[in-house]
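Reader: Please present the structure, and then let us examine selected features by question and answer.

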Amino acid sequence: MIPGQFEYHRPTSVADAVGLLAKLGEEARVVAGGHSLIPMMKMRMAQPDHLVDLQDVSELKYIREDGGDLVIGAMTTQSEVIASDLLAQKCPVLAEAALQIADPQIRNLGTLGGNVANGDPGNDMPAVMQALDARYDLAGPNGTRQVSAREFYEGAYFTALADGEILTAVRFATPAAGHGWCYAKQKRKIGDYATAAAAVILTLSGGKCTAASVTLTNVASTPLHAEAASNALVGTALDAAAIDKAAAEAMAVADPASDGRGPAEFRTRVAGVMVRRATEAARERAAG
Amino acid sequence: MGKMHVKMTVNGKQVEGLAEPRTLLIHFLREDLNLTGPHIGCDTSHCGACTVDMNGMSVKSCTVFVAQANGAEVTTIEGIANADGTLHAIQAAFAEHHGLQCGFCTPGMITRAHRLLQANPSPTEEEIRYGISGNLCRCTGYQNIVKAIQAAATTLNTAAKEAAE
């Protein structure tokens, strides 16, 4: 499969990249790891005239703490997320999710920024970002702005990212020490998108759940922040009744398509099972 | 939208050429450099037959534009054998342990295993299976590939130990 022709650009700063996008107009696309865009281009489902490659924009490659936030540069690869000691210590759900994305070769090039910016409902990191209540830093011709991950996704491949803007970082409040976490994903094989997947982040105090967020991957045209499911856990001891309620609330908002991964009814069921498993694992991992 | 001048280090040698930016790295390697070891299997980044090492990482060269690889350091299966032309321990172990039948996936498997053992010289069976999970083999059922990588790890670790003594 041969993609269409394009002109190639390799800026070395965000300012240059944004400038290029402004100059080249809407026929330009940004490429990070390329593992979503290049397959689309090979199938001629995307035919940009210009490709702006961010690989040399070194200011977009970092994982750091900034006050009470964890901030991850958009060009950080999934492999770098997995290898990060800081994330292993402060926010291990990211490596757990990254390890369930594609395969080692693809994780070496695929980036966190690409995964969250591209708007593919099959991508795993958007739901994790919603569970962490992350914000995305966007840089464009008129400066920078932040958008909540819970408000970023509008439909399959439609996001709040405007023409000419680049997603430069994700940031979220460092989860409380001792928080419970899990990303549970059912897939048919390594490299597959989720039949359904769930992220759960929660905190326990005195055996009671004091905060919880439950989100879902690939059971709608966008990732879903399942607020009713989250609320069903708060104030409970995460007993069987509470988990049943959360799973039922998550299934109520799931609206998957029937596809090769199964009929919609099945995939909805799997979403419930993933919420159940993720909540149980998060409960076991939480201190307090 | 003409061709661009591309320069990279492939198997330790500086190479250059003119290519359209849209040329995939696998096509550049096979058609411009005549390195036909890396194979095109699925052409959709699933099978791993096109796996090469780029800047110290395993990548699928069917999903990298030559423009992105401009300036990179690339190793293909042709660069894996020992300098004296004898088989690398991983290649020898694949032959010894029947790690291949038709051989189509083998260049990708060995190139991937080579990087895996550099990152993790003594992997468990599970780590090997996850490590090669981006490489598909339709003949062997993976058993003998895993055995070959385990055997190669032992050989390489023994050699490293002897060299250190």
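Author: Strands (E, at least two residues) and helices (H or I, at least four) are DSSP runs numbered from the N terminus, and two strands pair if DSSP finds at least two bridges between them. This is a predicted model, in which local features need pLDDT of at least 70 and side-chain atom pairs count only at pLDDT 80 or more, while totals for chains, interfaces and linings use all residues. Side-chain values use heavy atoms, with hydrogens and water left out.

Reader: Which residue in the turn of the hairpin formed by strand 1 and strand 2 of chain B has a positive phi?

Author: Strand 1 (residues 4-10) and strand 2 (residues 13-19) of chain B pair in the antiparallel sense over seven bridges. B:Lys7 stands opposite B:Glu16. Two residues lie between the strands, and the one in the turn with a positive phi, about 50°, is B:Asn11.

Reader: Are A:Tyr136 and A:Phe152 buried or exposed?

Author: Buried means under 20% relative accessible area and exposed over 50%, with partly exposed in between (1.4 Å probe, protein chains only). By that criterion, A:Tyr136 and A:Phe152 are both buried.

Reader: What is the geometry of the ring pair A:Tyr136 and A:Phe152?

Author: Rings of Phe, Tyr and Trp (its six-membered ring) pair if their centres lie within 6.5 Å; planes under 30 degrees apart count as stacked, over 60 as edge-to-face and the rest as tilted. A:Tyr136 belongs to strand 6 (residues 135-140) of chain A and A:Phe152 to helix 9 (residues 149-152) of chain A. Their centres are 4.9 Å apart and their planes at 85°, so the pair is edge-to-face.

Definitions and conventions. Residues are numbered from 1 along each chain as its sequence is written. Chains are lettered from A and ligands numbered from 1 in the order in which they are written.
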